[in-house]
2 protein chains.
Amino acid sequence: MLNEQYRAMLANKSVIRETFMFGKQRAAQIGYENVFDYSLGNPSVPCPPQFTAAMQQLLAAEEPVALHGYCPSQGDPVFRAAVAKSCAARFGLPYTANHIFPTTGAAGALSHALRAVTKPGDEVITFAPYFPEYGPYVVGTGAVLRVVPAKAPEFQPDLDAFEQLVSENTAAVLINTPNNPSGVVYSTATMQRLAKILTEKSAQYGQPIYLVSDEPYREIVFDGVDAPYPAAFYENTLTCYSFSKSLSLPGERIGYVAVRPGCVGEEVLVDMMAQISRFTGHNCPPSIIQRACAQCLDVTSDLSVYQTNMKLLYDKLTELGFEVQRPGGTFYIFPKALEADANAFCMKAREFDLLLVPGDSFGAPGYVRLAYCIDTEKVRRSLPAFEQLAAAYRR
Amino acid sequence: MLNEQYRAMLANKSVIRETFMFGKQRAAQIGYENVFDYSLGNPSVPCPPQFTAAMQQLLAAEEPVALHGYCPSQGDPVFRAAVAKSCAARFGLPYTANHIFPTTGAAGALSHALRAVTKPGDEVITFAPYFPEYGPYVVGTGAVLRVVPAKAPEFQPDLDAFEQLVSENTAAVLINTPNNPSGVVYSTATMQRLAKILTEKSAQYGQPIYLVSDEPYREIVFDGVDAPYPAAFYENTLTCYSFSKSLSLPGERIGYVAVRPGCVGEEVLVDMMAQISRFTGHNCPPSIIQRACAQCLDVTSDLSVYQTNMKLLYDKLTELGFEVQRPGGTFYIFPKALEADANAFCMKAREFDLLLVPGDSFGAPGYVRLAYCIDTEKVRRSLPAFEQLAAAYRR
């Protein structure tokens with residue numbers, strides 16, 4: 001028999017996906033250039049030339065049996081050592097290759113890290129607004145996701161509410177900074193207090209509460225923004241990284257889990273994640289992509305376009321009277337809708353060919369997400385549409 | 001707290017892995033060329049030049065944002081269409097792109113296919129000898145693996161025993177032909193009777209029992225061997241394929257599930273597997289690997305070395321009086337050990353620098369697996385060591 005849990009999910013259409021498909025239909029009617037599609041978080045800048053060159057060099061120079069052969073189940077040793085060296089130098093923590101577990105992007109990283117530090121029935125706490133896929137990632141482990149409500153307008157984590165929610169059932173806390181969908185970067189003060197609460201509660205309950213830090217937007221931080229490294233504040237941290245955004249390689253599925261030196265279980269966590277792979281059919285990320293990325297740890301795509309786009313949108317939205325927090329990073333901005341129902345607001349926006357995503361699925365009803373990983377020229381051309389949208393609410 | 005289920009697995013050392021590590025140590029002592037390592041199933045021939053050329057052409061000609069961008073969650077449309085066309089032409093079944101779900105190798109394929117057609121508590125039946133990873137693949141779904149004992153010396157599935165084991169709890173049957181570790185190809189008569197039993201039992205219990213067919217060795221079939229395509233015999237078949245062996249790309253993690261046209265749930269199974277990915281952090285296989293493989297569906301590596309090696313080993317083993325079935329495909333052969341305890345036999349073999357793997361973990365105690373995906377010249381040089389090993393048991 002078909003598994004009814006998974007079949008039932010087919011009825012729940014993704015609003016992001018539905019918006020994207022609407023955009024494609026609309027583009028067929030009025031032309032792609034006239035649809036202002038802010039729905040999808042797909043990087044709009046090419047990978048750095050160093051990645052292409054590394055791939056070409058590997059294909060030209062390496063012996064194919066070795067290049068395309070099985071990895072050890074803990075991942076490619078060259079990639080692991082290179083990531084450890086890079087993280088150690090950058091964050092001042094004594095990472096070694098043994099702390100690094102290569103994964104198929106952040107999705108693979110999160111599903112391994114969460115399985116390693118939870119058991120079915122445990123609770124994982126996250127902070128709204130949050131990436132909707134955290135739902136299935138956590139459910140897939142058998143644990144339960146608890147959400148601390150969003151605290152507008154700044155969208156820093158509400159640590160008073162968090163402190164009330166932590167219990168002896170809390171196995172892990174899942175954070176995402178710079179944040180999808182708000183664009184907010186968690187501040188040093190936030191990280192200090194979060195670490196303090198986690199340390200106190202771990203002591204109180206006599207067991208470590210792990211911090212699982214989802215950081216695909218780590219390299220997209222705007223000028224002058226303080227972007228602390230979460231693992232620097234708290235020993236029991238599993239950092240989940242993806243090269244999807246920094247190298248514009250979302251389809252190539254490459255990332256890692258970095259186990260913080262000093263973490264409880266430091267000596268077994270990577271080996272445990274290699275075992276967890278056997279249950280999910282994950283195995284390692286592709287060999288050649290690991291090898292090529294190992295040569296690109298100190299470069300990124302040209303990410304400056306995201307800051308340019310952010311400024312254009314932030315300035316226009318504030319000028320139009322939107323309540324909106326200035327993003328510190330990512331390629332998202334998360335203004336408050338001009339009516340209580342963000343879904344209705346997004347439908348109204350479509351009248352001006354603006355495709356936005358309601359905040360409901362991110363745990364923040366009443367807000368809308370704009371993914372501004374699109375051409376700057378198109379952002380500019382979309383600004384009059386925002387003016388028209390705002391005007392429609394002033395009538 | 002660390003997940004104790006996964007931590008406990010670290011104590012269970014893999015005998016294949018341990019044998020491989022022993023081989024590395026021994027090679028340091030006596031030289032790599034003098035260690036006859038038959039432990040690992042890692043292809044020994046390079047990928048076809050068409051794969052390398054396809055990768056280079058994609059890197060040179062394609063726009064990076066599109067080439068490395070996110071796939072649709074059902075996989076790359078070009079790859080899906082190409083696989084469907086190839087399977088339709090080859091197997092005479094009306095596959096379309098909508099029947100194909102790209103995965104990270106056979107491991108990804110099996111974990112998706114099994115989750116789609118089982119629920120926790122269901123039973124999945126397989127036939128010994130079987131690939132040991134079927135254990136975690138099935139446990140990961142929440143279902144229970146039931147094993148039909150091996151039927152020596154032919155190692156065709158014991159269908160009488162199977163018929164007794166099928167019950168209303170049987171959700172799926174998992175087969176692997178050509179078979180790891182026996183090298184045996186399931187015959188047309190086997191497939192006909194298996195399909196008949198599945199059809200009858202499905203009718204009896206009023207629900208389809210799915211056939212999950214694991215076929216990474218499909219292209220490695222030796223001269224004159226009848227190798228039927230399982231899905232041709234039974235509609236409710238999910239074929240799980242990997243390019244690891246046919247294109248010698250085990251590290252690049254690329255394969256697919258093909259849903260048999262006419263299968264119950266045909267219209268939803270691929271969409272369901274795309275949903276299942278969200279729970280395991282799988283996402284699609286890497287974009288560029290999908291694109292390159294789509295151009296290599298009608299080629300393989302030069303697989304002839306495996307037949308050459310098989311003949312050398314089969315002739316020598318039979319000459320030495322081993323009870324052994326002649327392999328019809330794969331790069332494995334599975335003789336009976338010369339003492340009851342195959343583990344003890346493998347330790348004895350090490351005295352002659354022969355690294356073999358006991359059959360216990362494959363569900364067939366008393367037998368040993370040889371993976372002859374090594375240079376033919378080394379196979380030749382290993383033959384005297386087999387003579388010495390056999391002689392040690394005649395003393």
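Residue A:Tyr372 touches A:Tyr38, A:Tyr306, A:Asn309, A:Met310, A:Leu313, A:Phe331, A:Ile333 and A:Val379, residues up to four places away in sequence being left out; contact here requires that the C-beta atoms of two residues, placed from the backbone, lie within 7 Å. The model is predicted, so that local features need pLDDT of at least 70 and side-chain atom pairs count only at pLDDT 80 or more, while totals for chains, interfaces and linings use all residues. Residues are numbered from 1 along each chain as its sequence is written, and chains are lettered from A and ligands numbered from 1 in the order in which they are written.

A:Tyr372 is also among the residues with the most contacts inside the largest nonpolar core, which has 119 residues, the others being A:Ala113, A:Leu114, A:Ala172, A:Val212 and A:Val257. Such a core is a set of buried Ala, Val, Leu, Ile, Met, Phe, Trp, Tyr and Cys residues joined through C-beta atoms within 7 Å, and a residue is buried if 20 or more other C-beta atoms lie within 10 Å of its own, exposed if 12 or fewer, and partly exposed in between, with C-beta atoms placed from the backbone. Helix H6(A) gives the most to this core, with eight residues, and the core draws at least three residues from each of domain 1 (4–47 + 301–394) and domain 2 (65–293) of chain A. A second, separate core of 118 residues includes B:Phe51, B:Val184, B:Leu249 and B:Ala274. In soluble globular proteins, nonpolar side chains tend to be buried together.

Chain A as a whole contains 14 helices and 12 strands, helices (H or I, at least four residues) and strands (E, at least two) being DSSP runs numbered from the N terminus. Of its 395 residues, 53% count as buried, and residues 24 or more positions apart account for 74% of the contacts with a separation of 6 or more. The radius of gyration of chain A is 21 Å, which agrees with the value near 21 Å for a compact globule of 395 residues; the radius is taken over C-alpha atoms, and the globule rule is 2.2 Å times the number of residues to the power 0.38.

The domain bounds of chain A come from an automatic or database domain assignment. The centres of domain 1 and domain 2 of chain A, taken over C-alpha atoms, are separated by 27 Å, and 27 residues of domain 1 are in contact with 31 residues of domain 2. On the domain 1 side, helix H12 (304–319) and E9 of chain A each supply at least two residues, and the largest share, three residues, comes from H12(A). The residues of this side divide into 14 nonpolar, 11 polar and two charged, where Ala, Val, Leu, Ile, Met, Phe, Trp, Tyr, Cys and Pro count as nonpolar, Asp, Glu, Lys and Arg as charged, and the others, Gly among them, as polar.

Between the chains, 61 residues of chain A are in contact with 61 residues of chain B. The largest share of the side of chain A that touches chain B, eight residues, comes from H6(A), and the residues of that side divide into 30 nonpolar, 23 polar and eight charged. Helix H6(A) is largely enclosed by the rest of the structure, because 13 of its 13 residues are buried. From its first C-alpha to its last, H6(A) reaches 19 Å, close to the 18 Å expected at 1.5 Å a residue, the expected span being 1.5 Å times one less than the number of residues.

Several loop residues also carry backbone features of note. Most residues other than glycine have a negative phi, and most peptide bonds are trans. The peptide bond from A:Ala128 to A:Pro129 is cis, with omega near -5 degrees, and A:Pro129 lies in the loop between strand E3 (123–127) and H7 of chain A. Phi of A:Thr330 is near 70 degrees, a positive value in a residue other than glycine; A:Thr330 is placed in the loop between H12 and E9 of chain A and is buried, with 30 other C-beta atoms within 10 Å. In chain B, B:Asn283 has a positive phi of about 50 degrees although it is not a glycine, and B:Asn283 is buried, with 24 other C-beta atoms within 10 Å.
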